[in-house]
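Subject: Structure for you to look at

Hello,

Here is the structure I promised to pass on. Please open it next to this message; my notes follow below.

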Amino acid sequence: MATTTTGALPPSFPSLKSKDDHSGLGSVKSLDFVRVSDLKRMKSRRTKISVIRNSSSSGQDIVDLQQSSQGSPLLVPRQRYCESLHNTVRRKTRTVMVGNVALGSEHPIRIQTMTTTDTKDVSGTVQQVMKIADKGADLVRITVQGKKEADACFEIKNSLVQKNYNIPLVADIHFAPTIALRVAECFDKIRVNPGNFADRRAQFEKLIYTEEDYQKELEHIEQVFTPLVEKCKKYGRALRIGTNHGSLSDRIMSYYGDSPRGMVESAFEFARICRKLDFHNFVFSMKASNPVVMVQAYRLLVSEMYAQGWDYPLHLGVTEAGEGEDGRMKSAIGIGTLLQDGLGDTIRVSLTEPPEEEIDPCRRLANLGMEASKLKSGVEPFEEKHRHYFDFQRRSGQLPVQKEGEEVDYRGALHRDGSVLMSVSLDQLKVPEKLYKSLAAKLVVGMPFKDLATVDSILLRQLPPIDDHNARLALKRLIDISMGVITPLSEQLVKPLPNAMVLVNLKQLSIGAHKLLPPGTRFVVSVRGDEPFEELEILKGVDPMMLLHDLPHVEDKVSRVHAARRLFEYLADNSLNFPVIHHIQFENGINRDDLVIGAGANAGALLVDGLGDGLLLEAPDKDFDFLRDTSFNLLQGCRMRNTKTEYVSCPSCGRTLFDLQEISAEIREKTSHLPGVSIAIMGCIVNGPGEMADADFGYVGGVPGKIDLYVGKTVVKRGIAMEHATNALIELIKENGRWVDPPTED
């Protein structure tokens, strides 16, 4: 059977585009003959076809196809976004030189940050760059918004060289092509934002473009951008084409929507100009404050680069991640997910903290990525047909249902938006009220009740003795409020706890050990994910409450992420809809930041793909409350269970019009009790309404000493004096019916 493709292909078909196509609209310049063999006998949803192009230089490509949906006769290309789906292999890229630092797959993952000083303050900026360099950064970015700042850049560069600091400097440019031309004469790299370099500031208007109008806009971009590319070629500079989800132009949003596809196309418009001018010393970035959107955008970017045969390096980052463990967690989810797939050549962790504080978490993430790619951590190859790479579709496990004759309600053992499980010790049972508070239960005259952010189930590796009535009463009270209590099979057989859920492994299931339990006992199955599929077959004959995906941390050559993906693939192939909890046991003595980053990079990498129903984090020497809060932070960072106020907070730079760290702390102190509400705190209008795409309310620097307040992307109050702005924000939240008074202590 043979078919012929002509005319325009939609953007979702990049693998069939002509590699000579620079329009970005998918028009094919030469006929592609597609030969498909024996489609009627195709047993899986995927097949491969030969694409024979008329162009003699193209040769023959093998394109991996899949059915567009189960049972559909329509075949679509299966897009590739990383080197390997079953282990961590670093994506091969060209080398891009930024001053004396090389970026790309043949080099270490580079770490960087951005100054927060006023760029016109030459001495202050030089001191901050030196402090950052001393901390180990490979690159430093500095905002350059006007002529005075551009002039200061020459002094900054000369002063650093005189002090023997040769760290490459990057100019951050928005809305200012002429300033970019000036600073390219002294800085090593220029970052341009395609959303505002040549286009006007987004007004969030729906514009109607004809093909002719659109082409004129592209010609305008080329006219504005070409002088900078030529200057970078002349001086040996690098470029970063850095798209931000929140600052796409009206033109791009009107054509592609406020989407990862729009982000990629926005960057490609600039990249095509670079390539047309034979300039290749550039990197891409696709940043968003939402880690899920960020991951999808980078994957789509790489998929398009594979289709075009491009090999440019990637700068990774989650923008406006915030501060503290929240900011580190969001960055770990976004950056860590991509690093696990071998993507990323330089990274920045954007925190609302002093810039030198970004270096340590940045280094930890870079080490994680380098180690995984060095070991090529993974599992045996498997076919992946069900995971969605470019859009979020959550696989929701079947929540527990009540069975006839059961004495307790098991339905609360898991939460529909994502569950948090915690490991509890016998010592904790000695003081029940303290335990209840640690589980974030509400107490009424000493009795526990579930609240918004209460732990859903607990794992008790040892049961209290039969005659320890106080401990058993404490457990009964937890079971009575529909909190699951999980205990190992060996413990339950010797010291049975009424209505406990029993933890078994596949070997115990295979020998029938679970049949020693009374009929109707609920159980939980622990699996590794890398077992032979034959061993997983026993799951077809049982009905567990949930699976715990548990891979020992000592097995560093087996990737937790790839093992879990393999497990989910098996479950989907066999229509097994059990809830799956990501159970991560960290080694004794692990650094707190490594734990946050490890949890975000390992469990977060799965949850952003909709794979998983909750978390169980264990670390023997870590504070119980810290582990609980980390679990809830991870679920919220993956846009699952919302248990506190969400903040989108920019990391500050030379444009910032107020003390971001101080104001952010003040706002958090007064508003942190509003789950379901998101607040953006932005230092200036560059990171203003577009950047807070996910926020309900915005607090944005307008002019020095004055704040503008937003509802969504709409400014509703302007020029509020700084000293009154936080209270005005609270009043705005109240006016919109989103305020509740803070809870009082019991």
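First, a term: helices here are DSSP runs of H or I with at least four residues, numbered from the N terminus. Please also keep in mind that this is a predicted model.

The pocket

α19 gives the largest share of the lining of the largest pocket, 4 residues. The helix spans 624-637. β17 (442-444) also supplies at least two lining residues. The volume of this pocket is about 1000 Å³. In total, 24 residues line the pocket. Nearest its centre lie A440, D451, A453, T643 and P743.

Where does the largest pocket lie? Domain 2 (419-638) and domain 3 (646-736) both contribute residues to its lining, so the pocket lies between them.

The barrel

There is also a closed barrel of 8 strands. Their order is β16-β19-β20-β21-β22-β23-β24-β25, with parallel pairing. On average, neighbouring strands of this sheet are turned by 25° against each other, direction ignored.

Take one pair from it. β24 covers residues 580-585 and β25 covers 614-618. The two pair in the parallel sense over 5 bridges. In this pairing, H583 stands opposite L616 in β25.

Back to the helix

α19 connects the two topics. It supplies 4 residues of the pocket lining, and it lies across β16 (419-424) and β25. Its direction is at about 165° to β16.

Best wishes

Definitions and conventions. Residues numbered from 1 in each chain as written. Predicted model: local features only at pLDDT ≥ 70, side-chain atom pairs only at ≥ 80, totals over all residues. Heavy atoms only, no water. 1 Å grid on protein atoms, 1.4 Å probe; cavity = no way out; pocket = protein on both sides within 12 Å on 5 of 7 lines; lining within 4 Å. Points joined across faces, edges and corners; volume = space filled by probe spheres on them. Domains from an automatic or database assignment. Pairing = 2+ DSSP bridges. Axes fitted to C-alpha atoms, helices over the stretch in contact; angles between N-to-C directions. Contact = heavy atoms within 4.5 Å.
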